[in-house]
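My notes follow in the order in which I looked.

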Amino acid sequence: MATCNCQTEVTEKLLENFKDKFPEAFLHKVNLTSYSLFINGTTGQCGSAYVVYYEAEAEYPLKKGGLKRKKLKGSIVANYCPFCGISTKEKGNG
Ligand SMILES: [Zn+2]
């Protein structure tokens, strides 16, 4: 999982910018929605990783004729931090 502090650091910077833009507001919050929580099945440790979500679709021909739109949703966990480029896989945890 994450081996750097970029998620925390980027969130803090965005939060500072958000507070600067809207100082009259309160209870500011920022959440990097591209990060998802994971639990390592081997170690039981919890962590977060940068995830790219995707949607795919195609026209699927039906046996009775005609077409049906097929949709697929999935996700890809990044092997490297998008901010600093460090590997997101800890040694031994693969
Ligand atoms: Zn990083």
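Predicted model: local features only at pLDDT ≥ 70, side-chain atom pairs only at ≥ 80, totals over all residues.

Entry 1, a loop residue. I looked up Lys-64 and found it exposed, because 5 other C-beta atoms lie within 10 Å; the scale I used calls a residue buried if 20 or more other C-beta atoms lie within 10 Å of its own, exposed if 12 or fewer, and partly exposed in between, with C-beta atoms placed from the backbone. Lys-64 belongs to the loop between β2 and β3, and its C-alpha atom is separated by 50 Å from that of Gln-45, although the two are 19 residues apart along the chain.

Residues are numbered from 1 along each chain as its sequence is written. I then checked the confidence: the protein chain averages a pLDDT (the predictor's confidence in each residue, from 0 to 100) of 89, and 93% of the residues score at least 70. Confidence in the protein chain is lowest in β1, with a mean of 86, and highest in helix α1, with 96.

Entry 3, the elements. I counted one helix and three strands in the protein chain, where helices (H or I, at least four residues) and strands (E, at least two) are DSSP runs numbered from the N terminus. Along the sequence they follow the pattern α-β-β-β. The radius of gyration of the protein chain is 19 Å, well over the 12 Å that the globule rule gives for 94 residues, so the chain is more spread out than a compact globule; the radius is taken over C-alpha atoms, and the rule is 2.2 Å times the number of residues to the power 0.38. The C-alpha atoms fill a box of roughly 60 × 45 × 25 Å, taken along the principal axes, and buried residues make up 1% of the 94 residues.

I traced an open sheet of three strands in the order β1-β2-β3, with antiparallel pairing, two strands being paired if DSSP finds at least two bridges between them. Because β1 (35-39) and β3 (67-77) stand at the edges with a single partner strand each, one side of each is left without a neighbour in the sheet. From one strand to the next the twist averages 45°, with axes as lines fitted to C-alpha atoms (for helices over the stretch in contact) and angles running from 0 to 180 degrees between N-to-C directions.

Entry 5, the pairings. Five bridges join β1 to β2; Tyr-35 stands opposite Tyr-50 in β2, and Ile-39 has Cys-46 in β2 as its bridge partner. These two strands form a hairpin with six residues between them, and Gly-44 in the turn has a positive phi of about 75°. Between β2 (residues 46-61) and β3 I found 11 bridges, with Val-51 opposite Val-77, Glu-59 bridged to Arg-69 and Pro-61 opposite Leu-67. The β2-β3 hairpin has five residues between its strands, and Gly-65 in the turn has a positive phi of about 100°.

Of the 16 residues of α1 the number buried is zero, so α1 lies largely in the open.

At 1.5 Å a residue, the 16 residues of α1 should span 22 Å, and its end C-alpha atoms are 22 Å apart, which agrees; the expected span is 1.5 Å times one less than the number of residues.
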